[in-house]
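Here's a quick briefing on one chain, meant to be read with the model open beside it. Have a look first, then go through the points by topic.

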Amino acid sequence: MIVEVLLTLLMGAGVCVIIFMVFFNTKTVELNQKDNKKRGKGKGKKGKNQQSKKSPKAKIKPSKSNKSNKKAPVIFYNPALNKPKVKLEDHENLISMFRGHTGEITGIGWHQSGKCLLSSGKDKMIYLWGNPIESQQTWEPLGKIKTEDDGYFSMLNTIVTVKDDKEKKEQQWNDDNDDEKGKKNKDKHNPLKNYSDLSNSVFAATNGCFGLNSYGLSKPQKQQNNNTKYNYRKASVSKEIKIHLTSNIQTDFTKEDMNCMIIHPKLKFVACSGSHNTKIYFYDVKAKKRQQDTGRKIKVGIKPRNKQELKSVLANADKPMEVIDGGQFVNYQMNMSPDCNYLSIGTFKKDIRLWRINYLKPGKRDIVQESRFGSTELLCSIINAHNASIICVTFSCDSKYMVSASKDGFIKVWNIIDIDYARGNKPTLVF
């Protein structure tokens, strides 16, 4: 009985091994497939040789050098696409949407032409986006740049100037001529057209080496591809816009980020302030640009890693033209009048401070015959102008009125023209 049981077990094990080897072993299947392929290739080669012997006009097999080496397209991945998807159809008033920043967005500014939008964030990037008025949803910017000091951008601001009637007529005349000549289609991807280098400048503050950087926007020149085989030249039209560093100012904002910034339309000064550092610093950007405009790459400091490096950064900081005491406790927003003569700031306190900006006339021996920044003068301080903290103070387009808004929900309009500030008079409340 025992012998019979052992024999049956051996027979069953052998049957199982045979079934596994035939049906479940992948190596044997792969070897069989390879053998079949080799046999098929050998038969094909023999057939081709026989045909070549019979027919002298047989097709010659192309060499390996003539074969086109086609590479797979490189797919770039944007981490911003991990964010929740939003469609334009989800909101009635949503026109366009741009997805590129992976961190918190710290600043947004319009280009002078109104056809571009600039944004900065804590992901250490500045992006230049296309026309926001056109209906689009994209993550491909027209241009981008990264911080040089390994810090993030704390804020961003652009230059906006009010054009005269003559400049508006000249631009309209140029646009009409371009439409007649058919040049509009060629320059539709060039929003920098009819704008100077001054209008195409952007200012941003970095947290790495505590710098105030200015960047320029420029359209790259058309590259000409020479093809000797067909003897013709074809110009490649590029949609990209180059963003390059034009100046770097070393500031004293080492304890906190820059919170407020205003720029003179003709770069006569740049005023900046922090949130808790309530002092307002005035810097001469034009002079700094002339110093660093040598054709070489501008050197930017590295983010300090210890106290010694921080001391060296403070020792090499640029001296401001003037420093004044701004608001009290916390600064919220600083604005300048369109005629560049008045300055005010929203603070934690309920008071409003109004400054006048004085300019110096050019002398006979000055090379640049333009007025430059002279000093600031505190005209008045309106105590208890609101019942809560003042968030924002701004000016009307004609620079005759000042508007203030507070946290209690009230907005007040003040008349600041034709007032004798020397005798202690203060702006009158309109409504």
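Two strands count as paired if DSSP finds at least two bridges between them. Helices (H or I, at least four residues) and strands (E, at least two) are DSSP runs, numbered from the N terminus. With that in hand, eight bridges join strand β9 (residues 211-218) to β12, and the two run antiparallel.

Before going further, a word on the ground rules. This is a predicted model, so local features need pLDDT of at least 70 and side-chain atom pairs count only at pLDDT 80 or more, while totals for chains, interfaces and linings use all residues. Residues are numbered from 1 along each chain as its sequence is written, and side-chain values use heavy atoms, with hydrogens and water left out.

**The whole chain**
- You're looking at five helices and 24 strands.
- Of the 431 residues in the chain, 35% are buried (under 20% relative accessible area; exposed is over 50%, partly exposed in between, with a 1.4 Å probe and protein chains only).
- Taking contacts (heavy atoms within 4.5 Å) with a separation of 6 or more, 55% are between residues 24 or more positions apart.

**The open sheet**
- The order β7-β8-β9-β12 describes an open sheet of four strands with antiparallel pairing.
- At the edges sit β7 (153-158) and β12 (242-250), each pairing on one side only.
- From one strand to the next, the twist averages 25 degrees.
- Within the β9 and β12 pairing, S214 stands opposite S247 in β12.
- Helix α4 (residues 285-292) packs on this sheet and touches β8 (201-206), β9 and β12.
- The direction of α4 makes about 110 degrees with that of β12; axes are lines fitted to C-alpha atoms, for helices over the stretch in contact, and angles run from 0 to 180 degrees between N-to-C directions.

- F153 belongs to strand β7, and it counts as buried because its relative accessibility is 0%.
- Leaving aside neighbours within four places in sequence, the contacts of F153 include T106, M125, I126, I145, A204, A205 and Y215.
- G208 is 55 residues away from F153 along the chain, and their C-alpha atoms are separated by 8.6 Å.

**T347, in strand β18**
- Which strand holds T347? That would be β18 (residues 342-347).
- T347 has 4% relative accessibility, so it counts as buried.
- Beyond its neighbours within four places in sequence, T347 is in contact with G327, Q328, V330, N331, Y332, S389 and I390.
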